[in-house]
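Here's a quick briefing to read alongside the model. Have the sequence and the 3D view open as you go.

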Amino acid sequence: MSKSATDVIKGLRKGKIDRTAFLTTVYSEIREEVKSPDLATKTNAIRKLFILALEGYDMEWASFHILEVMSSQKFSQKHSGLLAASQCFKPNSDILFLATNFFRRELVANNTIDTCIAINTLACIVNADMSKELLNDCVTLLNASKPILRKKVCVLFYKLFLQYPDGLVICFERLAEKLRDESPGVVMGTVNTIYELSRLNPAFVLFTAQALYEILNTTTNNFVLIKLIKLFVELAKVEPRLLKKLSGPFIRILTSNPAKSVEFEVIRAICAVFPESEDMLRIILQKLPGFLDSHDPNCKFYIVKYLGLVVLHKLIQINRDYAEEYRIFIMEALQSKDVTIRLRALELIKITTTNKSLIETIKNLLIEVEKPINAGIKEELISTCLYLLSLNQYELVEDFKWMFEVLLQIVNFKTSIHEAQLSSIMLDVVLRVEELREEACELSLNALEIFDTLKSEKCEALTALLFIIGEFSNYFSEGNLIKALSLVTKPRWELLNFHESVYNALSSCVFKIFIRAKEDGVFKACVKKLEENSVQIEHMESQERSLLYLNILTTSDKEKLNFVLKPFLPIHPSAQSLIFPPDALQQNFIVNDDELFTTKSDGTLEYHYYREEDFGDIQMTDQEKKAAKLKIKEKQMQDPYYIKPKKGKKKKGKKSKKLEGKVEEIKETAEVVKEEEIKKPEAPKKYSVNRAEPLIPS
Amino acid sequence: MISFILMVNKQGQTRLAQYYNYMTISERATLEGELVRKCLSRTENQCSFLEHHQYKVIYRRYASLYFIIGLEDEDVNELSYLEFIHNLVETLDKYFENVCELDIMFNIEKAHFVLDEMVMNGSIFETNKATILSQIYALDKAN
């Protein structure tokens, strides 16, 4: 006697059984049962399989059996089959070919309820081919006498159109007629479909705007209202004339509708389409405290507060002045117990922080990081800090020394995700801001004293700090220099097995310190350290570098190494184009040639490093050569972009507040170069109501 | 557009799962497990809205069962979906008369039917209890 589905459920509920064993038995029973020719047994098996699917068992192997069950005349069997099909038929499986005819029969059948359940399943599984075949039958159903069928088929159309976009052109007008149907259910279904279509291609559905407007003013169903409001926002993007007509209804809904969800939707819509309207914004501001501080018994406090924060976000994007009033509120939200609200508060902080409030904000954020309650969002908190600091190339930061201290503080939090960003910000800011270098070196030196605690997967922070003290060690006093040297020559570096890049940075650092120091004692220490490095460290690259530096130190002349003392500075990206290439450079030289080598007759390869044709053609006498050179020089003199080489030329960096004077000079030349390359932005595409336009624009 | 509607109990057992975008069985199982864990870790006094990977999740607990809706859209009106969950529960309640988890377990096909009357293709298209219930009474007669 085989189990029924109910027996399976009861079996699972029994306390002391082993679930997995029970389920495996049932599963093997099903595999046998489902092959039986008797439909009732088969259906039973499918029903049990459906329950097992909730537990994670795969149903797909039974697809053919499910199809057989679906085709049964008995309603209960058909229903079980269809339900199973909706759960497990994959979008591209072959079984759908077989199912198409079945669905076609169902759609034209006289039995309402059969058609209903068929449509339910069809909505889940329909694919492109089925869609094409069944489209006509669906259109016929649009005129069915029962409203339930009309309603269902209206909603089904969206899926059909997604799968088979060409069908849209043929059928859409028929669908749009349903907007004026007498049954509200049908209208709601059509509105849903039109809304989804408008998200893909608003111009296409624009002609229904009139009918939709009437519904907007007459419907009492809040769900429909919300969908319509969203729809009109989409439509207003392509048809600005709609805005005039919308302001009336929006205000009416905002002031009269009691439902908070509708209020929220209208506010969101207004922020999207009417950002300048003073009246609307005034009403919204009146409503805002209702959201942020609500004591409505129907709506839980936190939910409404969350919505309030979303509204605030939109308002602030429109107009930053609102930020001031609500600053305290945002900080409070940051400390709330609810993670979702905290995340929203962080987003608000990102857009409301100004350079005056930056220090306060970062301080608060860092305090929050240390609290255990925030373990889940520690990463988001630190991301926000880094985002604010580096926003618009450090626009908000006024005191760079404070900023560097903050960065070092964050290094101590040891979050591995942010290390790369953190180290790049540190290096960037030290390179660009000249005044910071001295303090940065000292701070880095102090931070490095506990270098063993800074170990992480890629040790980017450590590498950055080593680079800073090496590169800018000319800012160190004698005492600090010795201190730095003793720090980097500690044997502990090798023992701790850091990432390879740390050892590379370490050897460069040692090398650079020596160049600055110019003392013999220092020389010996550096040499010794490099020797150790070249032997003790595992990484090949690091060993090689140490050996290289060692050789340079021991064999070359001290004076010749002074090139290391030249500062390492950032240059503007357009600087390269300002340099005119020397005439000796062959501009037409083809370096990468497809026929770089040929196979000779005996199978060996012959490599060509150059092609004979590229050389030797230009035969010029000395006279001609001189004349050509003069011509080029003249051209250079007249060229406004050509920078004449000066003695002691320094490369200049990007804008920093204290270096504005020097920057002006570069800015002028750079901008002239840029203007030529800036193309005009394309004019916005004008939409015409072209029904033949594809639904999903390619 | 709704991506999925789930009814999961506090022990993590799924009682009903309707997906509007195809996902494999293993993906579904992982998703359901993770979501219920997240919901369980939240208290009564917190927002009913979550973010999980690319989904916005709205949930509500009724006795031992969590009703979970997941959406993939950008601008979601969370409160309206919360109201929809309540509407769904009220409809089930009216049909099953004081619905409880067991009712859904033993009558899973009917529960699916009620849900299919309200949501199709990920859109809510019927919220009127009377209309929905008249359909399901007709279904009972046909059986």
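A salt bridge here is a side-chain nitrogen of Lys or Arg within 4 Å of a carboxyl oxygen of Asp or Glu. By that rule, there are 27 salt bridges over all chains. Keep in mind that this is a predicted model, where local features need pLDDT of at least 70 and side-chain atom pairs count only at pLDDT 80 or more, while totals for chains, interfaces and linings use all residues. Residues are numbered from 1 along each chain as its sequence is written, chains are lettered from A and ligands numbered from 1 in the order in which they are written, and side-chain values use heavy atoms, with hydrogens and water left out.

**A salt bridge inside chain A**
- Lys42(A) and Glu68(A) pair up through their side chains in a salt bridge (2.4 Å, N to O).
- Lys42(A) sits in helix H3 (residues 39-54) of chain A and Glu68(A) in helix H4 (residues 63-70) of chain A, so the pair ties together parts that are 26 residues apart in sequence.
- Helices (H or I, at least four residues) and strands (E, at least two) are DSSP runs, numbered from the N terminus.

**Where chain B meets chain A**
- Contact (heavy atoms within 4.5 Å) links 51 residues of chain B with 62 residues of chain A.
- Between them the two chains bury about 5100 Å², 58% of it on carbon and sulfur atoms; buried area is the accessible area (1.4 Å probe) that two parts lose on being put together, summed over both.
- Glu109(B), Met120(B) and Phe125(B) supply 13% of the area that chain B buries against chain A, more than any other three residues.
- Three salt bridges cross this interface, and Lys152(A) and Glu117(B) form a salt bridge at 2.8 Å, N to O.

**The second largest cavity**
- A cavity is a set of points, on a 1 Å grid over the protein atoms alone, where a 1.4 Å probe fits but cannot get out; lining residues have an atom within 4 Å of a point.
- Residues from both chains line the second largest cavity, among them Met188(A), Phe223(A), Tyr81(B) and Ile124(B).
- H14(A) gives the most to that lining, with four residues.

Definitions and conventions: On a 1 Å grid over the protein atoms alone, a cavity is a set of points where a 1.4 Å probe fits but cannot get out, and a pocket is an open set with protein on both sides within 12 Å along at least five of seven lines; lining residues have an atom within 4 Å of a point.
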